[in-house]
Amino acid sequence: MIQHKYDHFIKEKAEVAEADKCRTFGKGERREDFAAMWNATGTLLLAGLPGSGRRALAGILSERLGLPVRDVLDGNSLRDALAGGPSVVVLDDALFDDEASVVAIGGAGKVFYLMADAGVLARRIARQAGREDVETIQQGVAARLEAVEPHFMRALHFILQAGSPSEDLAGDVLEKVAW
């Protein structure tokens, strides 16, 4: 068997018909439907839990793309936002508790999930709220993350590391929008 420098990342291997063939996926490869979704709507949707930096990222993207920001808290405002033309849409995590909303979000444009662990989110929330009970906040965030993350995964097109600076995330989003 040929050893590759990234074999340690592979958790599961399968026998294939042409064992001497190798396929590497890397930056720049894309699915064609991503471009179609962006071209059809011009809408960027930002998903994540409180503290993930969705609003800060939305502000930067709005400025750079000249698009309005729409905060979406429920099904009615989701329908209005998606019918309102190209925009940067900040999605409340409660939307992902509703199956119809998850389906609508997944087909409405490019969906970016700002992913972070419960500890990072809890520290940010505590700092923003001036609270010191980070452990209590973290327990609540961890429970919410466990409940909602599978729904984020069903709707997303891209994952962003929410621990990165918003400017860096904006560059990553703009690169993907350019596809």
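**Briefing: a buried serine, a helix and aromatic pairs**

Ser-87 counts as buried because its relative accessibility is 0%, where buried means under 20% relative accessible area with a 1.4 Å probe and protein chains only, exposed means over 50%, and partly exposed lies in between. This is a predicted model in which local features need pLDDT of at least 70 and side-chain atom pairs count only at pLDDT 80 or more, while totals for chains, interfaces and linings use all residues. Residues are numbered from 1 along each chain as its sequence is written, and side-chain values use heavy atoms, with hydrogens and water left out.

**Surroundings of Ser-87**

- Ser-87 is found in the loop between helix H3 (75-83) and strand S3; helices (H or I, at least four residues) and strands (E, at least two) are DSSP runs, numbered from the N terminus.
- The side chains of Ser-87 and Arg-70 are joined by a polar contact of 2.9 Å. A polar contact is a pair of N or O atoms within 3.5 Å; within protein, one must be able to donate a hydrogen and the other to accept it, and residues adjacent in sequence count only if both atoms are side-chain atoms.
- Leaving aside residues up to four places away in sequence, Ser-87 touches Gly-42, Thr-43, Leu-44, Leu-67, Pro-68, Arg-70 and Ala-81, contact meaning heavy atoms within 4.5 Å.

**Helix H2**

- Helix H2 (residues 54-65) has twelve residues and reaches 16 Å from its first C-alpha to its last, close to the 16 Å expected at 1.5 Å a residue; the expected span is 1.5 Å times one less than the number of residues.
- Its buried residues are Arg-54, Leu-57, Ala-58, Ile-60, Leu-61 and Ser-62.
- These buried residues of H2 pack against strand S1 (44-47), strand S2 (69-72), S3, S4, S5 and helix H7 (166-177).
- Gly-66 follows H2 and has a positive phi, near 70°.

**Aromatic pairs**

- Three aromatic pairs are found in a search of the whole structure. Rings of Phe, Tyr and Trp (its six-membered ring) pair if their centres lie within 6.5 Å; planes under 30 degrees apart count as stacked, over 60 as edge-to-face and the rest as tilted.
- The ring centres of Phe-96 and Phe-152 are 4.6 Å apart and the planes are at 75°, so this pair is edge-to-face.
- Both Phe-96 and Phe-152 are buried.
- For Phe-112 and Phe-158, the ring centres are 5.1 Å apart and the planes are at 20°, so this pair is stacked.
- Phe-112 lies in strand S4 (residues 110-115) and Phe-158 in strand S5 (residues 158-161), so the pair ties together parts that are 46 residues apart in sequence.
- One aromatic cluster is formed by Phe-96, Tyr-113 and Phe-152.
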